[in-house]
Amino acid sequence: MKPLRKNVAIAIDGGGIRGVIVTRALSMLEEHLGKTAPELFRLAAGTSTGSILSAGIGAGLTAAQMHALYISLGKTIFKKSWHTYFWPLTRYRYPHRPLIKALRKYIGDKKMGDFWTASPPTDVVITTFDMLANKTRFIKPWKPDYLNWPVIQAVLASCSVPTYFPVVAGRYVDGGVGSYANPCYLAAYEAQFCLKWDPRETTLISLGTGRDPNAVKPGQPGRFRTWEWLIPTLDAFLASADDQQVNLVETFFPALDFRRFQVDLNMAIPMDDPGHIPDLIKYGEKMGQMILDDQVDEAMGVKPLPMWNG
């Protein structure tokens with residue numbers, strides 16, 4: 001593994017229970033370096049489950065601790081109830097209460113500004129999509145508008161995947177609804193232009209939560225009926241947006257030590273299925289080894305095709 005630079009940032013994708021992959025991989029990095037995640041990262045940007053992990057890093061939780069929490073709390077947070085069984089007749093599948101209880105126990109009543117006034121300070125950037133304003137909002141501990149936001153509210157706003165969890169404050173839903181399910185470009189921008197870190201002295205580690213297998217086989221799209229386009233198109237949109245963020249970082253921050261890590265899943269794993277935790281742990285160990293071996297994601301280093309001249 002290449003040495004980390006002076007300033008180290010992390011960006012973590014959304015993915016629900018698939019955050020287990022990230023916690024296990026980061027646990028391996030902690031063991032390898034002999035440092036905890038809160039000691040390593042002074043900037044943590046996250047979307048959805050990534051916001052939980054970023055807030056946890058800012059609050060001083062180690063990756064090993066967060067890994068244990070994800071395993072123990074998965075079935076509690078994604079507990080089946082009448083909301084789930086009567087879906088889609090209900091507005092959401094899971095109430096916020098179990099997640100709020102867990103966040104309050106391990107993060108407490110911190111305000112976003114507390115991350116910035118801690119010693120040392122940590123810039124924790126959380127994304128959420130504001131449905132009323134029709135824009136992504138970036139909740140930051142140094143920004144006046146968000147200093148007094150409870151961390152729990154910020155995390156809930158980022159985690160509230162439409163149809164899975166209730167809308168927060170009547171307007172905020174999962175940050176991945178916009179373009180930032182993968183917040184690596186956001187983290188690179190934050191590091192250079194907000195924190196004024198020299199990119200030549202900065203390492204940005206970007207962690208995905210597993211790439212779903214391609215459900216569309218060659219030759220099938222031509223036989224799709226109208227309604228059969230919905231899921232493949234949505235999957236393609238999300239995967240393409242994630243990889244575009246990687247390309248943006250490589251294009252506009254060439255001096256940055258940027259490392260994107262992702263694992264390919266052998267089967268689709270829903271974000272709300274704790275039954276797959278043993279599989280997710282194995283994927284996490286695979287990603288952890290990729291980090292230690294500097295085996296970056298295939299989305300990195302993709303060059304545009306030469307212009308066609310006819």
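How many aromatic pairs does the count come to? By the ring-centre rule spelled out below, the count comes to nine aromatic pairs, and the structure also holds 16 salt bridges. This is a predicted model, where local features need pLDDT of at least 70, side-chain atom pairs count only at pLDDT 80 or more, and totals for chains, interfaces and linings use all residues. Residues are numbered from 1 along each chain as its sequence is written, and side-chain values use heavy atoms, with hydrogens and water left out.

**Aromatic pairs**

- The rule takes rings of Phe, Tyr and Trp (for Trp, its six-membered ring) and pairs them if their centres lie within 6.5 Å; planes under 30 degrees apart count as stacked, over 60 as edge-to-face and the rest as tilted.
- Y94 and F165 make a tilted pair, at 6.0 Å centre to centre with 45° between the planes.
- That pair links distant parts of the chain, 71 residues apart: Y94 sits in the loop between α5 (82-85) and α6 (97-106), and F165 in the loop between α8 and β5.
- Helices here are DSSP runs (H or I, at least four residues), strands are too (E, at least two), and both are numbered from the N terminus.
- Y94 and F165 are both buried, where buried means under 20% relative accessible area, exposed means over 50%, and partly exposed is in between (1.4 Å probe, protein chains only).
- W149 and Y172 go edge-to-face, with 5.4 Å centre to centre and 70° between the planes.
- Here too the pair links distant parts of the chain, 23 residues apart, with W149 in the loop between β4 (135-139) and α8 and Y172 in strand β5.
- Both W149 and Y172 are buried.
- Y185, Y189, F193 and F253 come together as one aromatic cluster.

**Salt bridges**

- Side chains of opposite charge can pair when their charged atoms come close.
- The cut-off used is a side-chain nitrogen of Lys or Arg within 4 Å of a carboxyl oxygen of Asp or Glu.
- K2 bridges to D257, with the closest N and O atoms 3.6 Å apart.
- This one links distant parts of the chain, 255 residues apart: K2 is in the segment before β1 (7-12), and D257 is in strand β7 (residues 257-261).
- K2 is partly exposed at 45% relative accessible area, while D257 counts as buried at 7% relative accessibility.
- D109 and R104 meet through their side chains at 3.5 Å, N to O.
- D109 is exposed, with a relative accessible area of 62%, and R104 counts as partly exposed at 45%.
- D243 and R211 form another salt bridge, their closest N and O atoms being 4.0 Å apart.
- D243 lies in helix α10 and R211 in the loop between β6 (202-207) and α10, so this pair ties together parts that are 32 residues apart in sequence.
- D243 counts as partly exposed at 30% relative accessibility, whereas R211 is buried at 18% relative accessible area.
- Through shared partners, salt bridges join R211, D243, D264, D297 and E298 into one network.

**Helix packing: α3 and α8**

- Helix α3 (residues 49-58) packs with helix α8 (residues 151-159) at an angle of about 155°, their axes 7 Å apart.
- That makes α3 roughly antiparallel to α8, going by a scheme in which angles under 35 degrees count as roughly parallel, over 145 as roughly antiparallel, 65 to 115 as roughly perpendicular and the rest as oblique.
- The axes are lines fitted to C-alpha atoms, for helices over the stretch in contact, and angles run from 0 to 180 degrees between N-to-C directions.
- On the α3 side T49, S51, I52 and A55 meet V151, V155, S158 and C159 in α8, with contact meaning heavy atoms within 4.5 Å.

- The peptide bond from S119 to P120 is cis, with omega near 0°, and P120 is found in the loop between α7 (112-117) and β3 (123-130).
- S48 is a residue other than glycine with a positive phi, near 55°; S48 lies in the loop between β2 (43-46) and α3.
- S48 counts as buried at 6% relative accessibility.
- A169 also has a positive phi, near 55°, and is placed in the loop between α8 and β5 (172-174).
- A169 counts as exposed, at 59% relative accessibility.

**A buried glutamine**

- Q245 is in helix α10 (residues 230-252) and counts as buried at 6% relative accessibility.
- Leaving aside neighbours within four places in sequence, Q245 is in contact with S179, Y180, N182, C184 and Y185.
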